[in-house]
Amino acid sequence: MDADLILTPNMDRPDDIYADLLAAHEGLSKAESDALNARLILILMNHIGRRAVLAQALQAAGAPETV
Amino acid sequence: MNKIFEVPLYPYTRSADQDAVTPAHHKVVIVGAGPVGLAAAIDLAQQGIEALVVDENDKVSFGSRAICFAKRTLEIADRLGCGAPLVDKGVQWNVGKVFFDDRKVYDFNLLPEDGHKRPAFINLQQYYFEEYLVKRAREIEAEGAPLELRGGNKVTAVTDQGDHVALTIDTPDGAYTITADYVIACDGAASPIRAMMGLDFVGRVFEDNFLIADVVMEADFPTERWFWFDPPFNKGQSALLHKQPDGVWRIDLQLGWDIDKAEEKKPERVIPRLKAMLGDDVEFSLEWVSIYTFQCRRMERFRHNRVIFAGDSAHQVSPFGARGANSGLQDTDNLAWKLKLVLEGRAPEALLDSYDLERVHGADENILNSSRSTDFITPKSEISRIFRDAVLDLSEHHAFARPLVNSGRLSMPCTYDGSPLNSPDALPGGPARTRPGSPCPDVALGNAFLLDGLGDRFTLLTVNAEAPDSLTEGGIDVTRLALSGKDDASGALAARYLGEAAAAVYLIRPDQHVAARWPAYDEGAVRAAIRRATGQEMQ
């Protein structure tokens, strides 16, 4: 079902993607990093776009054992 | 200062009621002559229901106060016969600009939909709104409508006697007593009636202070709504600039929680703040300064047998979104026709419970929207500020973030989804915006407008459909308004009332909300819907 959050491996190059995330934060202060994370979350939320999927994502992030 | 503040519009005069041996009886007593109380009185009286308005004062309210009146309010004012002077005097605006820190992040245009008689919003000082309502009240009074305004009359006691209400009223000549079939308490957020009846008014307090300054200036700012998040002239806070008639500008500055209110209201504190915002070279004078805090709350129920609360006495919201006075007008719009039918014995008293249901629903919608705006404008935690700032940063470059910017979701009329007065939607392919419970959207019909044709009675609107010109069911007269696709070349009538359907029949309530709709006239279904819409089939 396409309304389901994907919680199985789905990134094409996981190590590279993870390294990109850390690289984006390199040299930033805590405040700058927090702001970057917030912008990133908003951009990804818009990309996903659907409340039902995002609600599952919030649930998974807040209490990983319940999803 | 505008002299309208000083003119007594309904000065105290001694009434015969004060010399009556037994208390005089009135149909409806309305407590409070603000926008909501006056609208209720005009609505009832012009439909022949006797309405007495009592207010401890005798003038319009002091200061601009509510300044943003939404289209639905103007449409209601049209039905009351005073929409034109409001719109003629008001300032119309469509463009808004949003600033963050020292830069403009984006602007928007409300781009009002075509085919509506009234604009999306006008800005107008509350005192003008009240003045025009008082004028209209005087006008219908002169034409013989049963309406009376008593200034200098302060209600000091209210007792619900089951089948009537007794009121004790204090005047410069001493106290007197009257009785009423119903009382509508339109006595504001601090409602003395609510306090006298010991009723709760619970909700959420927002720990923030806002300075309102009305300034008169000859500035070349455009007629736009400007909103600042965290501007250099009010660091860490918000600011709003909005134009009113007569060269008056509303400036709203968030001040934070720990402030000395008396100190902040002094011109020597206010003027430097305004100069920092407007620039040193702008000449202005202060017309009115006020500091407000706000709460988002409502009464648990708006109807307490024969005492019915409307407007701020029943519910209170933050000012963001202009949902105070506008929702109060929707309260009386909802209540007046129901009270009329009940008083005339044409509907059961239970119909009044639908006022409670529908307007509590409206209040909850307003409280939700205004709380969300407030949380965006004044973030309550570090992380909410981080997200808020991220939204604003992104909004400068990416359109997707702009719908998240919340400097007030401007008042829209509420759809009464789930109301017991609605019949199930029976129009396949009908537009969602005109489903049962919805306020009717206007449509231009040549030189006329649809809403003006709906008036304040039950209407059977037919589009490309046959139906009798009138019918009566359970004491309710319904008049047909027959339209066809040809009446509106723009296609708006079809878009708003047909959708994918070829024809439609709508039953429309006196407050211009849809009660039921079908693809064709079905007498049995229409009669059942009329009974349902008037509480004759309520459980």
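**View 1. Pairing of strands E4 and E7 in chain B.** Strand E4 of chain B and strand E7 (residues 121–123) of chain B run antiparallel and are joined by 2 bridges, where strands (E, at least two residues) and helices (H or I, at least four) are DSSP runs numbered from the N terminus and two strands pair if DSSP finds at least two bridges between them. The bridge partner of Gln92(B) in E7(B) is Ile122(B). The model is predicted, local features needing pLDDT of at least 70 and side-chain atom pairs pLDDT 80 or more, whereas totals for chains, interfaces and linings use all residues. Residues are numbered from 1 along each chain as its sequence is written, and chains are lettered from A and ligands numbered from 1 in the order in which they are written.

**View 2. The open sheet of chain B.** In chain B, 3 strands form an open sheet with antiparallel pairing, in the order E3-E7-E4. Strands E3 (68–70) and E4 (91–92) of chain B each have a single partner strand and stand at the edges, so one side of each is left without a neighbour in the sheet.

**View 3. Helix H10 of chain B and its surroundings.** The 16 residues of helix H10 (residues 382–397) of chain B should span 22 Å at 1.5 Å a residue, which agrees with the 24 Å between its end C-alpha atoms; the expected span is 1.5 Å times one less than the number of residues. Among the buried residues of H10(B) are Phe387(B), Arg388(B) and Leu394(B), a residue being buried if 20 or more other C-beta atoms, placed from the backbone, lie within 10 Å of its own.

Conventions: Buried ≥ 20, exposed ≤ 12 C-beta atoms within 10 Å, placed from the backbone.
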